[in-house]
Amino acid sequence: MRAIWKGAVSFGLVSVPVKLYSATESHDVSFRQVHVKDGGRIRYQRICSIDGEEVPYSDIAKGYETEDGEMVVLTDEDMRELPLTASREIAVEKFVPVEQVDPMLFEKAYYLEPEATGAKPYALLREALTDANRVAVVTVALRQRTTIALLRVHPIPDSEPVIVLQTLLWPDEVRTPDFTVEAGEVKDREVQMARTLVETLSGDFDPAEFEDDYAEAVQAVVKAKVEGGEVQRTATSTKTGGEVVDLLAALQRSVDAAKSARGEASSSKPPKKTPAKKAPAKTASKKTAAKKTAKKAPARKTAAKRTAAKKKAS
């Protein structure tokens, strides 16, 4: 794993230097929209909804839409005035019972690894959280924005437990349902039957008992098609080639647009061709050689006619 953030956990006068790692990753199956005819990926342009023209990156700004549909454009200067922070501190605000935190607030989990100099205070914090059966409510700046989070102890099979930073949603990000459930009168006999069913299906939770059969089925179908030769070979099959050229072209267009806006002459040059696109040039050279050969052919025939004419004359 690669650390995505470095900082320090601070509680009281104790500071624990730590590294942050993403604790989860998505294995969800994703598909691309492609052209059925040749397997080419479908691309989308940045089109303005008002004038219908394609908009270069240099002309795109951040906009905030109000409740009545008005659009407020924020400039770079506006963005610089926002309360962003580059703090590298995970500040402990208080220690609370874990049952007081609604799981609805849980967002993303990160592993905290101590730096070499912070191993002992890290272990002390881990033991204190375990013994008190509490979690630490903290504030931390991730991606320049302050958020609330929890520090909790996470057990690891056949290893020492680690501290996890669990980011939380802000309270106003949790929606209140706009419906009510009116089931009418529930009879005692029905409640007893429901309890019996719960007891019958009771057990311990083991996530390893469940499998993502959808992802496995998709992979099986894809594997069968690959083995059967049902694969569309496209210019971008290697995941490089075309992507790089498109990016260079987009960057060059952005530079030209910026220069044009300042009244400067464009000095754009066409992007260099990748090795995959040199094949047409060779074909063209072969065709040119063929044309030269075709042009020389009549000269040979003419020479042959002259020889024949000399023989007749003699």
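**Reading a barrel and its core**

Mentor: Let's begin inside this predicted model. The largest nonpolar core has 21 residues, and Val9, Ile90, Leu112, Val138, Leu151 and Leu165 touch the most other members.

Trainee: Which elements give two or more residues to this core?

Mentor: They are strands E1 (5–11), E2 (14–22), E5 (89–97), E6 (106–114), E7 (134–142), E8 (145–154) and E9 (162–168), together with helix H2 (119–132). E7 supplies the largest share, four residues.

Trainee: Which residues does Leu112 touch, leaving aside those up to four places away in sequence?

Mentor: Its partners are Val9, Val18, Lys19, Leu20, Ile90, Tyr122, Leu151, Ile163 and Leu165. There is also a second, separate core of six residues, with Val96, Val101, Val135 and Leu168 among them.

Trainee: Now the strands, please. In what order do the seven strands close into a barrel?

Mentor: First the general idea: strands of a sheet pair through backbone hydrogen bonds, in a parallel or an antiparallel way. Here the order is E1-E2-E6-E9-E8-E7-E5, with mixed pairing. On average, neighbouring strands of this sheet are turned by 40 degrees against each other, direction ignored.

Trainee: Do E2 and E6 run parallel or antiparallel?

Mentor: Antiparallel, joined by five bridges. To find your place, look for Tyr21, which stands opposite Tyr111 in E6. E6 also pairs with E9 in the antiparallel sense, over five bridges, and there Tyr110 stands opposite Leu165 in E9.

Trainee: And how many bridges join E1 to E5?

Mentor: Three, and these two strands run parallel. Ala8 stands opposite Glu89 in E5.

Methods: Residues are numbered from 1 along each chain as its sequence is written. This is a predicted model: local features need pLDDT of at least 70, side-chain atom pairs count only at pLDDT 80 or more; totals for chains, interfaces and linings use all residues. Side-chain values use heavy atoms; hydrogens and water are left out. A nonpolar core is a set of buried Ala, Val, Leu, Ile, Met, Phe, Trp, Tyr and Cys residues joined through side-chain atoms within 4.5 Å. Buried means under 20% relative accessible area, exposed over 50%, partly exposed in between (1.4 Å probe, protein chains only). Contact means heavy atoms within 4.5 Å. Two strands pair if DSSP finds at least two bridges between them. Axes are lines fitted to C-alpha atoms, for helices over the stretch in contact, and angles run from 0 to 180 degrees between N-to-C directions.
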